[in-house]
Amino acid sequence: MNLFLDAFAWLADPAHLSGADGVPTRLGEHLWYTIVAVVIASVLAVPAGYLIGHTGRGRTLAVALTGGARALPTVGLVFLLALLVGIGITAPMIAFVVLAIPSVLAGAYSGFEAVDRKTIDAARAVGMTEWQIVTKVEVPLGLPLLIGGIRSATLQVVATATIATVVGAGGLGTYIFRGLRSNDYTQMLAGSIVVIALAVALEVVFSIVQRLVVPAGVTAGRPSDTRSKAARPGAVTATPLTKGTQ
Amino acid sequence: MNWIWSNSDYILDKTIVHLGLSVPPVILAFVISLPIGWAANRFTRLRGVVLAVAGLFYAVPSFALLVVLPGLIGYSIRSNTNLIIGLTLYGIALMVRSVADGLQSVEADVRQSATAVGYSGWQRFWRVEIPLAGPVLLAGLRVVLVSTISLATVGGILGINGLGLLFNDGLQRDIMAEIVAGIVLTIVMALVLDGLLVLLGRALMPWTRGRSATRTGTPTVARQKVVAP
C-alpha cells in the first residue's frame, strides 16, 4: 500500500496545491467542464424527452438512441472531434454534450412514462388542461427519474473529462497523462484518486438530491430495492404513484 | 480510405485482440454475479448493501480505475490482465442488479410449487428460477456486453492492445480514417455480438419468442434504478 501512501503524500505536498497546475485549479476545471456540459445537454434533452414522454411519439427512436449510445467509444469520439475542430476545450466539450444527452433524454421520457396512466386520467377528469397535466403532474412525478438521468450523464462526463488533457484542455487527467508519459506512477495514482473521489462525491450528492425532489406523499424515487415485482418489466419503475395513500 | 486498405492486417489484428479482451470479462462477470445476485435477493438486508456498493462502484471512472487497480493488485498498468480485471468488475457492478431483479421477478407461488413437486433448493434454482429470470438476465447481460466492448477501448490510452490503440495512433499521427475505423469497428462488434446474444437467448428460452421481453431501453433505466439508498 506504499504506493497509495506516496500518492496521498503527493496530494498533500503544498507545491501541488497551488497555481495553474495545482490540484484545486485542475479540480475546478474538471468540475466546470462537467457542469457546463450537463447543463447544455439538459437544455437540449429535457424538453425533447418530455415531449416524447408526454406524447409517446418518437419513443422507439429515443430508445434506440440511448441504447446505441452505449456502444459509442467515448475516447474515439473525443479524439475524432479534436482532429476535426482542433486542440482546445471545444472538441471535448462537444463530445461531453453528445455523451450526456442520451442519459438525460432517457431520464426525462422514462420519468413521464413511469407516471401511472390512472393518475393522468384522474388529472384530466378533474379538469386539468394538457399543460397543467404536464407541469403539475408529470414533471413533479417524473423528477426523481430525470435527476437519475442527469446523474448518469454527470458521471459519464466526469469520467470522459479525464481524457480532455490529451487534446490540450486540462482537467484532472493532466496528472494521469503526465505520469503516464514520464513513468511517474505516484502522480498517476494521485490524479486517479482525486477523479474517483470527485465521481463518488457527485454520486452521493445526486442520490441525496434524488430523494429530496420526491413530491410529498409519493414514495416514488425511493430506491425500489425492496419493492415487489416490477409492474412493467424493464420500465424504469421506481414503482411510483400506485399507492397514493402512503 | 487508402489508409484503411493499406493497413487492413493491422486493423484486423486489433479487432481480434479487442474481441479476445472484451468477451472474457463478460463471461466472468455473468458467472460471478450469479451467486452475489442470488445472495442479494435471498437476504433482504444484504440487498441494499450489495446494490449500493455496485452502484457506487459503477460511478468510478474507468480510466482512473485502470490506474488504481495495478497499485492494488500488482500487475503492470499496460497488461491485458489489468484491463480484463477492470472490465470484469464493471460487468459485475451492472450484472448483480439484473440477477437480483430477475430472481425477484419469480413469483413466490411458483417457487413454492417447485418445492411442492419435489425440487431441491439447488434444482429449483437452476431449473425454475434461472429460466424464469432469463429475460431479465439476458437484458442485463446485453448491457454488460455492449458497454464492455466500448469500455475496452479506454485501455488503448494506457497502451493496452485492442481497438483503442487506433484512437491513440490516429490522434498522434493525424489520421482521421484510423479513428473512424476504430469507432465503427467498436460499434459493429457491439451490435453483432449483441445480436448473437439475442439469438442465443431465443434458442435457450423458446417461450420468450414473439413477445419482446427484453427491451433495449431497459439499461439506462436499470442503471438509474441504482438510485442508491
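Helix H4 of chain B is mostly covered, with nine of its 12 residues buried. A residue counts as buried if 20 or more other C-beta atoms lie within 10 Å of its own, as exposed if 12 or fewer do, and as partly exposed in between, with C-beta atoms placed from the backbone. The structure is a predicted model, in which local features need pLDDT of at least 70, side-chain atom pairs count only at pLDDT 80 or more, and totals for chains, interfaces and linings use all residues. Residues are numbered from 1 along each chain as its sequence is written, while chains are lettered from A and ligands numbered from 1 in the order in which they are written.

H4(B) spans residues 62-73. Helices (H or I, at least four residues) and strands (E, at least two) are DSSP runs, numbered from the N terminus. From first C-alpha to last, H4(B) reaches 16 Å, close to the 16 Å expected at 1.5 Å a residue; the expected span is 1.5 Å times one less than the number of residues. The buried residues of this helix are B:Ser62, B:Phe63, B:Ala64, B:Leu65, B:Leu66, B:Val67, B:Val68, B:Pro70 and B:Gly71. Just after H4(B), B:Gly74 adopts a positive phi of about 100 degrees.

Helix H10 of chain B (residues 176-204) has 29 residues and reaches 42 Å between its first and last C-alpha, close to the expected 42 Å. Its buried residues include B:Glu178, B:Ile179, B:Met189, B:Asp194 and B:Gly201. The buried residues of H10(B) pack against helix H4 (74-85) of chain A, and also against helices H1 (2-6), H2 (8-42), H7 (121-151) and H9 (164-173) of chain B. In the loop between H9 and H10 of chain B lies B:Asp174. Phi of B:Asp174 is near 60 degrees, a positive value in a residue other than glycine. B:Asp174 counts as exposed because it has 9 C-beta neighbours inside 10 Å.

Two packed helices are described by the angle between their axes and the distance between the axes. Axes are lines fitted to C-alpha atoms, for helices over the stretch in contact, and angles run from 0 to 180 degrees between N-to-C directions. In chain B, H2(B) and helix H5 (residues 80-104) pack at an angle of about 40 degrees, with their axes 6 Å apart. H2(B) is therefore oblique to H5(B); angles under 35 degrees count as roughly parallel, over 145 as roughly antiparallel, 65 to 115 as roughly perpendicular and the rest as oblique. The crossing of H2(B) and H5(B) is right-handed, a crossing being left-handed if the near helix is turned anticlockwise from the far one by less than a right angle, and right-handed if clockwise. The contact of H2(B) with H5(B) comprises 21 nonpolar, seven polar and no charged residues. Ala, Val, Leu, Ile, Met, Phe, Trp, Tyr, Cys and Pro count as nonpolar, Asp, Glu, Lys and Arg as charged, and the others, Gly among them, as polar.

Chain A has nine helices and zero strands. Of its 246 residues, 50% count as buried. Among contacts in chain A with a separation of 6 or more, 70% join residues 24 or more positions apart; two residues are in contact if their C-beta atoms, placed from the backbone, lie within 7 Å.

The axes of helix H2 (residues 23-55) and helix H7 (residues 130-160) of chain A come within 10 Å and cross at roughly 140 degrees. H2(A) is therefore oblique to H7(A), and the crossing is right-handed. Residues of H2(A) in this contact include A:Thr34, A:Tyr50 and A:His54, and those of H7(A) include A:Val134, A:Glu138 and A:Val158. By class, the contact of H2(A) with H7(A) has nine nonpolar, six polar and one charged residues. A:His30 is placed in helix H2 of chain A. A:His30 is buried, because 24 other C-beta atoms lie within 10 Å. Not counting residues up to four places away in sequence, A:His30 touches A:Ala161, A:Gly171, A:Leu172 and A:Leu198.

Helix H1 (residues 2-12) and helix H9 (residues 185-212) of chain A have axes that come within 8 Å and cross at roughly 75 degrees. H1(A) is therefore roughly perpendicular to H9(A). Among the contact residues are A:Leu3, A:Phe4 and A:Trp10 of H1(A), and A:Tyr185, A:Leu189 and A:Ile193 of H9(A). In the loop between helix H8 (173-181) and H9 of chain A lies A:Asn183, with a positive phi near 55 degrees. A:Asn183 is exposed, with 9 other C-beta atoms within 10 Å.
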